Amino acid sequence: QQYQTVIAMIDIDYFKKINDTYGHDAGDEVLVMLAKILRDKHEENESFHVSRWGGEEFLVFYERHQKSKEEVIQEFDALRQKIQDTVIQYNQSNINITVTIGLAFYEKGETIHSLIKVADKNLYEGKNAGRNRVVS
């Protein structure tokens, strides 16, 4: 069985609006909640490695799995849905967020840098197509 690797770029949609509407402390709470969901995903699947990429972006290195591209897309879409369904309570407000996810599947000869570029391109394609989606 062939092992697969995928890079995902995850970006919070309209994060600036959250900071502008509720304040930067609320934005921090949103980042903490998203990091917890991603950490929980890592704890249930050790092949799922997460790091903060900058600002409101996270990078996932998902390696040594034996799933098809379709299964991986479905897995990231389920993660996107879980994030959308999570309510962050801040002061008297309930904050809901969505994320856009760009995926890049490793092909022989690619570098980590080329994968990140593809994932980032797919992320921005998803942003331009209306956000709250997974693009591969």
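User: Which strands does helix H4 lie across, and at what angle does H4 run to E6?

Analyst: This is a predicted model, so keep that in mind throughout. Helix H4, residues 112-128, lies across E1, E2, E3, E6 and E7. Its direction is at about 145 degrees to E6.

User: What is the strand order in the open sheet?

Analyst: The order is E2-E3-E1-E6-E7, five strands with mixed pairing.

User: Why are E2 and E7 said to stand at the edges?

Analyst: Count partners. Strand E2 (48-54) and strand E7 (134-135) each have a single partner strand, so one side of each is left without a neighbour in the sheet.

User: How do you know that E6 and E7 are paired, and in which sense?

Analyst: Pairing takes at least two bridges. E6 and E7 have two bridges, in the parallel sense, so they count as paired under that cut-off. If you want a spot to look at, isoleucine 101 stands opposite valine 134 in E7.

User: How many bridges join E4 to E5?

Analyst: Four, again set against at least two, so E4 and strand E5 (residues 93-96) pair. The sense is antiparallel, with valine 87 opposite asparagine 96 in E5. They also form a hairpin with two residues between them, and asparagine 91 in the turn has a positive phi of about 50 degrees.

User: Now the inside. Which residues have the most contacts in the largest nonpolar core?

Analyst: Ile12, Phe76 and Ile97, in a core of 30 residues. Elements supplying at least two residues each include strand E1 (4-12), helix H1 (15-22), helix H3 (69-85) and strand E6 (99-105). H2 gives the most, with seven residues.

User: What does isoleucine 12 touch?

Analyst: Leaving out residues up to four places away in sequence, isoleucine 12 touches Ile18, Val30, Leu31, Leu34, Glu56, Ile97, Thr98, Val99 and Lys127. There's also a second, separate core of eight residues, with Ile7, Met9, Ala104 and Ala119 among them.

User: How do the axes of H2 and H3 cross?

Analyst: They come within 11 Å and cross at roughly 145 degrees, and the crossing is right-handed. Leu34, Ile37, Leu38 and Lys41 of H2 make the contact with Glu75, Leu79, Lys82 and Ile83 of H3. By class, that's five nonpolar, no polar and three charged residues.

User: Why is asparagine 45 called buried?

Analyst: Its relative accessible area is 17%. Buried means under 20%, so asparagine 45 qualifies. Its place is in the loop between H2 and E2. Beyond its neighbours within four places in sequence, asparagine 45 is in contact with Tyr62, Lys67 and Glu75.

User: And why does threonine 5 count as buried?

Analyst: Same test: 19% relative accessibility is under the 20% cut-off, so threonine 5 is buried. Threonine 5 is in strand E1. Not counting residues up to four places away in sequence, it touches Phe61, Tyr62, Glu63, Arg64, His65, Ala104, Phe105 and Tyr106.

User: What makes aspartate 28 partly exposed?

Analyst: Aspartate 28 has 43% relative accessibility. Under 20% would be buried and over 50% exposed, so this value lands in between and aspartate 28 counts as partly exposed. This residue lies in helix H2. Aspartate 28 and isoleucine 18 are ten residues apart in sequence and 9.9 Å apart in space, C-alpha to C-alpha.

User: Why is glutamate 70 called exposed?

Analyst: Glutamate 70 has 53% relative accessibility, which is over 50%, so the exposed label applies. You'll find glutamate 70 in helix H3. From glutamate 70 to serine 136 there are 66 residues in sequence, with 10.0 Å between them in space, C-alpha to C-alpha.

How values were computed:
Residues are numbered from 1 along each chain as its sequence is written. This is a predicted model: local features need pLDDT of at least 70, side-chain atom pairs count only at pLDDT 80 or more; totals for chains, interfaces and linings use all residues. Side-chain values use heavy atoms; hydrogens and water are left out. A nonpolar core is a set of buried Ala, Val, Leu, Ile, Met, Phe, Trp, Tyr and Cys residues joined through side-chain atoms within 4.5 Å. Buried means under 20% relative accessible area, exposed over 50%, partly exposed in between (1.4 Å probe, protein chains only). Contact means heavy atoms within 4.5 Å. Axes are lines fitted to C-alpha atoms, for helices over the stretch in contact, and angles run from 0 to 180 degrees between N-to-C directions. A crossing is left-handed if the near helix is turned anticlockwise from the far one by less than a right angle, and right-handed if clockwise. Ala, Val, Leu, Ile, Met, Phe, Trp, Tyr, Cys and Pro count as nonpolar, Asp, Glu, Lys and Arg as charged, and the others, Gly among them, as polar.
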